[in-house]
Amino acid sequence: MLVSAKDMLVKAKAGKYAVGQFNINNLEWTKAILLTAQELNSPVILGVSEGAGKYMTGFKTVVGMVSAMIEELGITVPVALHLDHGTYEGAKKCIAAGFSSIMFDGSHYPIEENVEKTKELVNICHEKGMSIEAEVGSIGGEEDGVIGAGECADPNECKMIADLGVDMLAAGIGNIHGKYPANWKGLSFETLAAVQQKTGDMPLVLHGGTGIPDDMIKKAISLGVAKINVNTECQLAFADATRKYIEAGKDLEGKGFDPRKLLAPGFEAIKATVKEKMELFGSVDKA
Ligand SMILES: [Zn+2]
């Protein structure tokens, strides 16, 4: 059964660890992440961007696949199915389709409009026992065609949005989606500390977890980050393992072209990446 992300994140914040959000793209991704979470006895959040939802033919398909997989694989750790960077319309579709959590990314709206739409979605989500994430200050890099500049959020705006009753808050602290450029300045712990001070117990979310050095991740967790989004890193690991399989000519040997064989190295690579992250975030045995 899918659960809201609220309880797992409240526990994470209090326990000074973070729960990973791993984005899914298809059956292999979902299975790899769920099995790893179960093996490590870790709570987990499956992220779905609007683009990935469309790719999987729609949010209903995603809910059906994930729910059935939890049952068929005997997954007992807490699993939240979460819309990543949702638009207002996308958020409503996910609520109707049976997601257990959403992110409403109203960061591109003027703050007043962001507040108004967030409030409405908070009410709907809480009525349905779902959790909701909001974002303040756009997060750098590209996410489904939306390009942000990597700014730092205004701690006062964070407080204002947190007070609307959201369950988790993504604040830009110099983080970027995708690969980090060589001249990246690193996370702004000054901003993070200021946001944490203003928002108290609110679990904070760090987007763009791919390529942030481990020591920065640990420091961010110590300053109130309770959810870390990982997407690109699984994609890179999958692509790398698949390329090696093909380059080694394994698809040409025997039944090596069978998709269950062809996709196996990439599947194992996602599992290894997720395991590494859960260990780094400290969520192992916290289910
Ligand atoms: Zn993000």
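The protein chain holds 12 helices and 10 strands. Both are DSSP runs, numbered from the N terminus: H or I over at least four residues for helices, E over at least two for strands. This is a predicted model, in which local features need pLDDT of at least 70, side-chain atom pairs count only at pLDDT 80 or more, and totals for chains, interfaces and linings use all residues. Residues are numbered from 1 along each chain as its sequence is written.

Start with the overall form. For 287 residues, a compact globule would have a radius of gyration near 19 Å, and the protein chain agrees with its 18 Å. That radius is taken over C-alpha atoms, and the globule rule is 2.2 Å times the number of residues to the power 0.38. Along the principal axes, the C-alpha atoms fill a box of roughly 60 × 40 × 35 Å. Of the 287 residues, 48% are buried. Buried takes 20 or more other C-beta atoms within 10 Å of a residue's own; exposed takes 12 or fewer; partly exposed lies in between, with C-beta atoms placed from the backbone. Among contacts between residues at least 6 apart in sequence, 71% join residues at least 24 apart. A contact needs the two C-beta atoms, placed from the backbone, within 7 Å.

Now the core. The largest nonpolar core has 76 residues. Such a core is a set of buried Ala, Val, Leu, Ile, Met, Phe, Trp, Tyr and Cys residues joined through C-beta atoms within 7 Å. Ile 33, Leu 46, Ile 102 and Leu 169 have the most contacts inside it. Beyond residues up to four places away in sequence, Ile 33 touches Phe 22, Ile 24, Val 44, Leu 46, Ile 270 and Val 274.

β8 runs parallel to strand β5 (residues 131-136), joined by four bridges; pairing requires at least two bridges found by DSSP. Glu 135 stands opposite Ala 170 in β8. β8 also pairs with strand β9 (residues 204-206), again parallel, over two bridges. There, Leu 169 stands opposite Leu 204. From β8 the chain crosses through helix α8 (residues 189-199) to β9 in a right-handed β-α-β crossover. Right-handed means that, with the strands pointing away from the viewer, the path from the first strand over the helix to the second runs clockwise.

Helix α7 (residues 155-162) buries Pro 155, Cys 158, Ile 161 and Ala 162. They lie on the same side of α7, because they cover an arc of only 120 degrees around the axis. The arc is that of the directions from the helix axis to the C-beta atoms. The buried residues of α7 pack against α6 (111-127), β5, β8 and α8.

Helix α5 (residues 88-97) buries Gly 90, Ala 91, Cys 94 and Ile 95. Their arc is only 140 degrees, which puts them on the same side of α5. Glu 89 and Ala 96 are exposed on the other side. The packing partners of the buried residues are α3 (50-55), α4 (59-72), β3 (79-86), β4 (101-104) and α6. Just after α5, Gly 98 takes a positive phi of about 105 degrees.

Finally, Ser 283 lies in the segment after α12 (264-281). Ser 283 is buried, with 27 other C-beta atoms within 10 Å. Leaving aside neighbours within four places in sequence, its contacts include Tyr 17, Gly 20, Ser 42 and Met 278.
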